[in-house]
Amino acid sequence: MDISSFYGFFGIQYTNIYVQIIIMLIKIVIVFAAGMLHVAYSTWFERKIIGHMQVRLGPMRTGYHGLLQPIADGVKLFFKEDIIPSSGDKVVFQLAPMISIFATISALAVIPFYEGFVIANINVGLLYLFAMSSLGAYGIIMSGWSSNSKYAFLGGLRSAAQVVSYEIALALSLVGVMMLSGTLNLVQIVEAQQKLWYGMYIIPQCFAYIIFMICAFAETNRTPFDLPEAESELVAGYFVEYSGMRFALFFLGEYTAMIVMSCLAVTCFWGGWTLPPAIMTAFPFLAFVPGVVWFLLKVYCHLFLYYWVRATVPRFRYDHLMSLGWKVLIPLSLANIVITAIVKYIS
Amino acid sequence: MTVTAKDIVRRALFIDTIKGMTLTLKMMFSKPVTIQYPEQKRKIYPGFRGKHAFVRNVTTGKEKCIMCMKCSNICPSQCIYIKKGRDANNKPFLEQYDIEALRCIYCGYCVEVCPVCALVLTEEFGYVSTSKDDIYFTKERMLKNWDEFVAKLDADEYWNKFWRPEGVDTSKMPKAKREQAPVPLRTMPARPEEKKQQDNEPAEQKPEDKTAGRTQSKETA
């Protein structure tokens with residue numbers, strides 16, 4: 001069994017295979033724990049932000065300013081009864097939330113959090129992220145199908161159509177980044193951005209960034225594109241029949257997907273864990289701040305954007321959603337690729 | 001639907017979305033309107049209709065009810081039960097006066113219609129209970145409600161705006177209602193003319209001697 005070549009594929013330089021495995025496991029545990037903590041507190045953050053935007057307070061009772069609310073929610077969901085519809089497809093029903101959470105959490109593996117800290121430094125990182133984010137839709141479609149409920153089914157169908165429409169524009173919007181950096185490796189994309197004095201691809205790729213963010217909203221089923229789980233029409237959409245821990249898995253999956261998309265935006269457009277070289281030369285003391293701080297700050301800003309948009313924008317109508325995806329975003333992202341190619345060829 | 005160039009520019013630049021998002025951001029930094037209930041309580045304005053109480057006459061120490069049955073008749077949810085009794089001297093007295101507060105809709109008609117201003121909907125609102133009996137107010141309970149309400153009140157006299165409903169011709173009101181002054185709350189009445197009219201006997205229990213509500217209300221008038 002040639003396990004050494006397998007781990008060599010992930011680009012870690014240790015020769016001893018056991019050290020490799022242990023380091024890998026430690027990294028996985030750290031990322032998983034930190035990721036779950038962020039998911040839990042992003043729900044608190046969301047409720048606080050939306051509460052204050054609606055001139056309310058949000059959670060206030062559980063702990064200081066409701067800080068223990070995510071833990072209370074988690075405990076409650078964990079001990080709730082697990083109901084499986086008698087007329088549903090039991091195997092698929094149980095499989096769906098697992099696929100959903102697996103796809104989103106495994107996407108965290110290729111995200112570089114700061115210099116040298118990435119679980120799997122693979123050369124096809126971006127492609128892997130696309131694959132995983134569209135795999136998450138399988139969980140949604142399967143849950144919609146297996147619940148044997150019309151609301152869940154409609155939610156699943158909408159999600160299928162939405163993912164097909166927006167996955168393309170999402171991938172195409174990042175082609176410009178790939179062309180500028182010349183790689184699919186996320187670490188190398190960040191390093192390529194450091195060669196520019198402004199240190200981020202947001203400036204040459206601002207159209208791509210806007211398209212990417214719109215598609216990321218659609219991909220993670222967030223308002224204004226939350227048609228698969230439209231509360232007001234479909235009760236809860238594809239996970240309407242789920243309860244207890246299985247519901248919590250979908251919930252975790254959705255919030256992890258949001259964090260993954262924010263991480264991707266930060267890595268590809270905002271320079272990842274780095275600050276622009278111009279700022280670093282102007283304020284040299286900033287070099288002492290660990291890179292993960294900048295990375296997390298940028299991710300939090302994106303999460304805030306998610307909540308901000310959710311508090312503001314109403315849901316799209318279904319045909320508007322489709323026409324926006326096919327008639328606007330895909331042509332625009334194609335145009336962005338062409339223009340980027342021409343500019344790169346000239347310069 | 002025609003799409004003009006202006007519309008396209010508006011959409012492409014997210015003008016409307018940005019306007020909306022500026023508003024929500026502005027709202028985020030405004031002061032929340034939430035009242036954290038048990039710690040903070042909202043200000044109660046005059047005319048609040050809460051827990052039922054009988055006004056306790058400070059001189060007799062009893063309720064002022066004259067058993068006219070008007071409140072029981074007007075009550076839309078019919079939750080007031082009154083029973084008139086006769087004592088040994090064949091004088092009528094209030095044997096039973098019950099308000100089933102769980103059925104009450106707090107319209108305040110009973111307070112408005114009462115000719116002697118005996119009834120009041122106080123500003124108390126926190127009287128939940130796990131037992132229905134606790135929210136079934138008998139005559140004694142109504143007087144107790146009044147005492148509890150008065151104990152919290154920081155004033156010498158009390159006036160309820162429903163005792164003299166606005167827009168009703170005062171000349172058509174019963175005399176007692178027309179001339180009702182704010183009721184004194186402490187044992188020493190603040191108003192000298194009331195003191196003069198009323199008997200100077202202290203508020204001790206002489207139940208059979210005087211059929212409290214009726215006589216008292218006449219004297220007040």
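View 1. Helices (H or I, at least four residues) and strands (E, at least two) are DSSP runs numbered from the N terminus. As a predicted model, it needs pLDDT of at least 70 for local features and 80 or more for side-chain atom pairs, while totals for chains, interfaces and linings use all residues. Residues are numbered from 1 along each chain as its sequence is written, and chains are lettered from A and ligands numbered from 1 in the order in which they are written.

**View 2. Three strands of chain B form an open sheet in the order β2-β3-β5, with antiparallel pairing.** Pairing here calls for at least two DSSP bridges between two strands. Strands β2 (80-86) and β5 (136-137) are at the edges with a single partner strand each, so one side of each has no neighbour in the sheet.

**View 3. Here is where β3 meets β5 in chain B.** Strand β3 (residues 92-100) is joined to the antiparallel β5(B) by two bridges. Look for B:Glu100, whose bridge partner in β5(B) is B:Tyr136.

**View 4. Chain B touches chain A.** Twelve residues from chain B and eleven residues from chain A make up the contact (C-beta atoms, placed from the backbone, within 7 Å).

Terms used: Two residues are in contact if their C-beta atoms, placed from the backbone, lie within 7 Å. Ala, Val, Leu, Ile, Met, Phe, Trp, Tyr, Cys and Pro count as nonpolar, Asp, Glu, Lys and Arg as charged, and the others, Gly among them, as polar.
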